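Please look over the model below.

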Amino acid sequence: MSALGKDVKVVVIGAGAMGSGIAQVAARAGHTVYLFDGRSEAIAAGRAAIEKDLKFLVSKNRLDQAEAAATLERVVPVAALAEAADAGLAIEAIVENLDVKRKLFAELESMLGADAIIASNTSSLSINAMAAGLARPGRLAGLHFFNPAPRMALVEVVSGLNTEREVAECLHATARTWGKMPVHAASTPGFIVNRVARPYYAEALRVLAEHEAEPATLDAILREGCGFAMGPFEVMDLIGHDVNFAVTKSVFEAYFCDRRFAPSPFQQELVAAGRLGRKTGRGIYEYGELAAKAVPQDEPAQDGEPRITVVGDIGAAAPLLARLEAAGIEVRREAGMHGKRGWMQIGPARVALTDGRTATLRAAEERVPNLVLFDLCLDYSTSTRIALTRADQCGLGALRVVTGTFQKAGFKVSAIDDVAGLIALRTVVMLANEAADAVLQGVASARDVDTAMRYGTNYPKGGPLAWADQLGAGFVVEVLANLKDHYGEERYRVSPLLRRKACNGEAMYD
């Protein structure tokens, strides 16, 4: 089905930040938009917010004055819903309360034409539950914008069990003509983004609760080493721990307390203490004019080795070798054992990419006491930070030599305590695992999952499934299995789809 024509009028119910933002998007695309709210002052404030943002765009030369004026003129405040009876699309952006939304939808259904589409901007409620009781449940779907709607590209088009296919396709096409990046999703807890993103916060909170590193260091490793736009603690402080905890708790309960989504007791205590993040002046970090900026732990400068030996294939870390050579370090290469992952000998230490085991366990199993593990990087040839850890059996001198060698190659080095999977690798494989389960359970296609995570959360590498393909499904499964062995928890169980891909050597996009 094609997109709605510009002659189709849109009514947006709810004139808060989300509602006014959606109204601005639709109006800028050429639609007449009725803006309604139960509070008249909210309508005036919403339209004023639209005008302010349009003026900002004009000041930045992103919009000309005439188009801004025309866009604002198309936003029509209405004092009663009945004034919008000729709308062909209704989008609600009101309080996240199922009963309130259902009452509104019943009113809209009785007021609008039979061919009108009703869409909810809900981020968490079931489309199926909202459609129950409607005479035409097939005309209801989710149209989940991300805040701020005029800036964020992603829109999740969410279908319930009764949503007509042509309705979902029309909304998808319409969102695209509005300049958005739409994806299809089934109505399941968290849809795509709020479900798949849970491990980004959960793994950081777990490592912090184990006292393996400071928050600023963990944030810096994921940001500077793995290319995430913000570290998990920075994001949680920004959106609010109360909000983040509530979403996690909601998904956890909606999946009948599946331990994969278990909330963090530590975050629960932050909320109980009122440390909600930026909005309260203190969360993981402190804010305000007098607050000292938290800085990551960088290892002091050390002397590195002038030459190293590489044994076998070091897989995803292979670009590291060219970087070491470019820094003037001689790299000798030796054949490894067939079927065994490669490693580097740097001074007295064997150095390898983490595989989900602790360095201490791996040193014992491989009978190599001086073992140092390094973390995953987005691109070993350009990333600016890398995390290292040493086995308990490994001497500090061996770690210093490895640190100095990486520093020669231009890395900032963060040495953290011996934690299974370090922080970057365990986070990435858990994101890929959750994404794979979303595909397996029919929430969305692999491409739509990755698109959602790219445009909804700005995740690197084309999304977690594309990153899993680059690492290899077999390696991802191995890391997850090692994490599950370490913790003995269902949280780290391997997605059946990932295991299947690993067994047949297929990529997630195959």
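What volume does the second largest pocket have? About 370 Å³. This is a predicted model, where local features need pLDDT of at least 70, side-chain atom pairs count only at pLDDT 80 or more, and totals for chains, interfaces and linings use all residues. Residues are numbered from 1 along each chain as its sequence is written, and side-chain values use heavy atoms, leaving out hydrogens and water.

**Pockets**

A pocket is an open set of points on a 1 Å grid over the protein atoms alone, where a 1.4 Å probe fits, with protein on both sides within 12 Å along at least five of seven lines; lining residues have an atom within 4 Å of a point. A volume is the space filled by probe spheres set on the points, which are joined across faces, edges and corners.

| Pocket | Volume | Lining |
|---|---|---|
| Largest pocket | about 890 Å³ | 28 residues |
| Second largest pocket | about 370 Å³ | 16 residues |

In the largest pocket, Phe 146, Asn 194, Tyr 201, Ile 239 and Gly 456 lie nearest the centre. Elements giving two or more residues to this lining include β6 (140–145) and α17 (446–457). Helices (H or I, at least four residues) and strands (E, at least two) are DSSP runs, numbered from the N terminus. The lining of the largest pocket has 17 nonpolar, 9 polar and 2 charged residues.

The second largest pocket has Lys 340, Arg 341, Trp 343, Arg 362 and Glu 366 nearest its centre. Its lining divides into 4 nonpolar, 4 polar and 8 charged residues. Asp, Glu, Lys and Arg count as charged; Ala, Val, Leu, Ile, Met, Phe, Trp, Tyr, Cys and Pro as nonpolar; the others, Gly among them, as polar.

**The sheet**

An open sheet of 8 strands runs in the order β3-β2-β1-β4-β5-β6-β7-β8, with mixed pairing. Two strands pair if DSSP finds at least two bridges between them. β2 (residues 33–36) pairs with β3 in the parallel sense over 3 bridges. Here Tyr 34 stands opposite Val 76 in β3.

Asn 61 sits in the loop between α2 (40–59) and α3 (65–73). Is Asn 61 buried or exposed? Asn 61 is exposed because its relative accessible area is 72%; exposed means over 50% with a 1.4 Å probe, protein chains only, buried under 20%, and partly exposed in between. The C-alpha atoms of Asn 61 and Ser 414 are separated by 42 Å.
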